[in-house]
Amino acid sequence: ISRTQEFLRGHDNNISVITVSESGKYIASGQETHQGFQADVIIWDFDTRELLHRLKLHKVLIKTLSFSFNEMYLASCGGQDDNNLVIWDIESGNALCGNPTGTNVVNCIKFYNNADDKIVSIHDYQVNIWTADLQQKKITTLRCNLGQIKRKFTCVVIDHSDSYAYLGTKTGDVVQVSLDKALFKKLGPVKRLFSLGINCITQLPNGDIMVGSGDGTIAKIGNKDMKIKAEAQVLGAVTSFSLTADGTHFFVGTNKSTIYWSDADTITPELRNTCHYERINDLAFPHGYSALFATCSTNDIRVWNSKTRQELLRIEVPGLES
């Protein structure tokens with residue numbers, strides 16, 4: 001591992017969302033901006049680190065982005081000040097079609113795995129299936145029948161055959177929806193809710209569902225019986241998963257700025273990288289020695305190896321800012 005880093009510069013305000021295409025060829029990032037101003041979406045070429053297109057249609061905030069499986073299209077959705085779903089042509093950077101999403105803000109959108117004209121959007125208490133006619137430049141929507149289930153949906157993964165969508169909720173459970181029938185199918189896991197809600201969700205090659213919760217729990221759930229097969233605890237709320245190509249291992253990111261590496265079978269996370277998650281107030285090297293340095297933040301003091309960039313020591317005093 002070279003342990004080098006590069007920066008992509010193009011946004012002029014906080015980045016609100018980022019996503020990577022299926023093969024890793026493209027990166028798309030969206031930002032927030034001030035009231036009344038346009039919020040940009042940027043498509044980057046990952047290999048060259050170059051800005052390919054700057055997409056301007058949404059206002060104030062880009063809430064969610066999704067690439068189609070064939071990397072031909074990008075779908076974007078704005079926040080509550082915008083509420084528009086737009087599909088873009090990646091090659092030209094042109095908007096192909098768009099549609100208002102209504103007053104219920106979209107929390108996340110996801111293209112199907114085998115179709116580039118179908119998208120699932122999740123909201124508070126609502127799930128929609130969008131079908132795009134790119135020739136006629138129209139998008140139609142179908143609302144899923146959830147029956148008596150009332151949940152605020154936070155994240156979504158679509159199974160490999162596009163038959164079902166699995167939705168994480170703020171309540172801390174997983175809702176299975178049939179995409180063919182636009183109908184509620186199942187609720188799980190059995191007799192268990194994840195504290196502080198489910199923040200991210202993905203699917204393993206064998207069909208099992210991986211969820212990450214706000215209390216730092218990683219769990220593997222069987223997609224047929226919705227029972228927990230394995231689970232583990234990490235530091236901080238889980239914010240993201242990234243699977244390897246063969247699905248045997250994955251990275252986990254948390255809001256405490258920690259990155260873990262784990263196998264997908266037994267779920268045994270190993271800490272790979274960490275840094276401060278609040279502002280850094282000061283940095284100091286020992287006199288006449290550059291191999292080590294110390295940093296202090298709002299909640300801890302850390303000593304680092306300057307060559308490997310690895311944390312060597314952490315000092316925490318509750319209630320004391322250094």
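Q: Which strand gives the largest share of the nonpolar patch?
A: In this predicted model, the largest share comes from strand 28, residues 311-315, with three residues.

Q: Which residues make the patch, and what is its area?
A: The nonpolar surface patch is made by Ile301, Leu312, Leu313, Ile315, Val317 and Leu320. Its area is about 510 Å².

Q: Where does Leu313 lie?
A: Leu313 lies in strand 28.

Q: Why does Leu313 count as partly exposed?
A: The relative accessibility of Leu313 is 44%.

Q: Changing topic, which peptide bond is cis?
A: The peptide bond from Gly188 to Pro189 is cis, and its omega is near -10°. Most peptide bonds are trans.

Q: Where is Pro189 found?
A: Pro189 is in the loop between strand 16 (183-188) and strand 17 (198-203). Lys191 is also found in the loop between strand 16 and strand 17.

Q: What is the phi of Lys191?
A: Lys191 has a phi near 55°, which is positive, and it is a residue other than glycine. Most residues other than glycine have a negative phi.

Q: Is Lys191 buried or exposed?
A: Lys191 is exposed, with a relative accessible area of 86%.

Q: And Val60, what is its phi?
A: Val60 is not a glycine, yet its phi is positive, at about 70°. Val60 is placed in the loop between strand 4 (50-59) and strand 5 (62-67).

Q: Buried or exposed, in the case of Val60?
A: Val60 is buried, because its relative accessible area is 11%, and buried means under 20%.

Key: Residues numbered from 1 in each chain as written. Predicted model: local features only at pLDDT ≥ 70, side-chain atom pairs only at ≥ 80, totals over all residues. Heavy atoms only, no water. Helix = DSSP H or I, 4+ residues; strand = E, 2+ residues; numbered from the N terminus. Buried < 20%, exposed > 50% of the residue type's maximum accessible area, 1.4 Å probe, protein only. Patch = residues over 30% accessible without salt bridge, like charges linked within 9 Å, V, L, I, M, F, W, Y side chains within 5 Å. Areas by Shrake-Rupley, 256 points an atom, 1.4 Å probe, with all protein chains shown as cover. Salt bridge = Lys/Arg side-chain N within 4 Å of Asp/Glu carboxyl O.
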